[in-house]
Amino acid sequence: MSLLETRGLTAAYGQFKALFGIDMRVEPGEVVAIIGANGAGKTTLLRSITGVLRQAPGMVVHSGTPIGAMSPDRIMQRGVAMVPEGRRLFPSLSVEENLLIGAQARRGDGPWTLEAVYALFPILRERRASPGTALSGGQQQMVAIGRALMSNPELLLCDEISLGLAPVIIRDIYAALPRIREGGAAMVIVEQDIARALSVADRVYCLMEGCVTLHGRADEITREDIHAAYFGTRTEAQG
Amino acid sequence: MIWIETLVQGLMLGGLYALFAAGLSLVFGIMRLVNLAHGDLIVAAAFVILLVVEMSGLNPFVSALIAAPVLFGFGYVLQRAVLNRVLGNDILPPLLVTFGLSVALQNGMLELFSADSRRLPAAGLESASLNLGVSTVGTLPLMTLASAVAAIFVLNRLLYATALGRAFRATSDDPVTASLMGINPRHVFAMATGLAMVVVTIAALYLGMRSNFDPSIGPARLIYAFQAVIVGGLGSLWGTLAGGAIIGVAQTLGAQINPEWQILAGHVAFLLVLLVRPRGLFPRARD
């Protein structure tokens, strides 16, 4: 049984259709990258999975249970965690409080504690009493990742974690992903930086205009395949 | 000497206003909801305490302790079933709904308890006094002020030192992201209103022991509470205490000059503060 599966997932904002029948799956412990240009529907896909955008129940299935119509808090309590686009730290909370709020959906013991997050991103320990929004963009991203880890999720969804960050910071953040993976969480990484995404992913889905245009193992897909799927010069699915 | 006396009396009165205002401030701080029925809820809570007193024969303090969980439950259900439905970017629907609630509460109380003015029996406490050296103060007003300080201290600890308080602040910042942390914003808001109703119960206890009350006095309590919240700065609980004290002192000073000026002086002080500090004395950094 897949950890997460979408079955013919469609989504719309009013009259505007954003997703057209997306079929994807995530197996326990694997890293799946979702790539695609701006407006391809990547963020909408995550919003649908997390319940921010409600769907028909059967369109999103978590460990065999239809969750498409559930509210975000119930989905998160099932062991899903989210690093939202733009970090979205809570401005009224300190760095440490932002991390602790992530533990709200914790269901049991796991590798991620406040200490473990500080060990992963040592700079956060120094800044723990600062307001979350007083940090640099990269440090804020570390808080957002740490906050999501604090619930010890089975599935970690990361939306555009490199967006707007300096290359050296992106390198640091991506360097942490293998250690997160060792903790046992499966990951879905939504990313515009294709090379970064491919460097950590087991499998890749490429979206264009709300459809999956490419699907396959990260180590088997060629640059040409991706180029074609990303820019729409060829649309048949692979893999 | 008379001025020190007036100042002290004003601070005591301010304690009552701060108690009126603390629940309003809490709810506004967490969900940006202006509850126009707040004054009527205080009066309704006073009637609930009175009912417990009459049915059980217990003293008002114990009766308030019994009434508090009931009123917490009422607040929780009110928020969950009614107020949550109208929260959003538009501030008009919550104003209309709470205005409607205010009218319904006043008429409901009129029907149930008649227009007669009532009072909670304080067993001689209302005439007891303490000599503080510079001034003699009534025991009951002193207890009111102490309760206001205690209530605001406890609310502050709860907001800044507990997991529930963290959830309150996170949900207040960003309900959607809070829900992505496994927090149910509807439940958190309902807890906040329930908690506000517990503070309302304390306010009602002192209101009912210090003076007569009847179903029509809610809106005036709302005005004092509102002024205290605005003077203190929206969303700041200690600011609300200071705001209550300023309105209270202004009213006693006004009454000292001319008894007819009591209420007017409070309003003038409110307007003066707004003129000098439009965001109140202790505004939150970000609103």
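1. Helices, of at least four residues in H or I, and strands, of at least two in E, are taken as DSSP runs and numbered from the N terminus. On that basis chain A has 9 helices and 10 strands. Please bear in mind throughout that this is a predicted model.

2. As to overall dimensions, the C-alpha trace of chain A spans about 50 × 35 × 35 Å along its principal axes. The radius of gyration of chain A is 17 Å, which agrees with the value near 18 Å that a compact globule of 239 residues would have.

3. Within chain A there is an open sheet of 6 strands, with mixed pairing, whose order is β6-β7-β8-β3-β9-β10. Its edge strands, each of which pairs on one side only, are β6 (80-83) and β10 (211-217) of chain A, and from one strand to the next the twist averages 15 degrees.

4. Which residue of β10(A) stands opposite Cys206(A)? That position is taken by Leu214(A).

5. On the β6 side, helix α6 (residues 137-149) of chain A lies across β6 and β7 (155-159) of chain A, and runs at about 175 degrees to β6(A).

6. In chain B, the axes of helix α2 (residues 38-56) and helix α9 (residues 218-232) come within 6 Å and cross at roughly 120 degrees. Since angles of 65 to 115 degrees count as roughly perpendicular and those over 145 as roughly antiparallel, α2(B) is therefore oblique to α9(B). The crossing in which α2(B) passes α9(B) is right-handed.

7. The contact between these two helices brings His38(B), Gly39(B), Asp40(B), Ile42(B) and Val43(B) of α2(B) together with residues of α9(B), including Gly218(B), Pro219(B), Arg221(B) and Leu222(B). Sorted by class, the contact of α2(B) with α9(B) has 6 nonpolar, 3 polar and 2 charged residues.

8. Turning to the interface, 21 residues of chain A are in contact with 16 residues of chain B. On the side of chain A that touches chain B, α2 (72-76) and α3 (95-102) of chain A each supply at least two residues, and the largest share, 4 residues, comes from α3(A). How do the residues on this side of chain A divide by class? There are 11 nonpolar, 7 polar and 3 charged residues on the side of chain A that touches chain B.

Definitions and conventions:
Residues numbered from 1 in each chain as written. Chains lettered and ligands numbered in written order. Predicted model: local features only at pLDDT ≥ 70, side-chain atom pairs only at ≥ 80, totals over all residues. Contact = placed C-beta atoms within 7 Å. Nonpolar A, V, L, I, M, F, W, Y, C, P; charged D, E, K, R; others polar. Pairing = 2+ DSSP bridges. Axes fitted to C-alpha atoms, helices over the stretch in contact; angles between N-to-C directions. Parallel < 35°, antiparallel > 145°, perpendicular 65-115°, else oblique. Left-handed = near helix turned anticlockwise from the far one by under 90°. Rg over C-alpha atoms; globule rule 2.2 N^0.38 Å.
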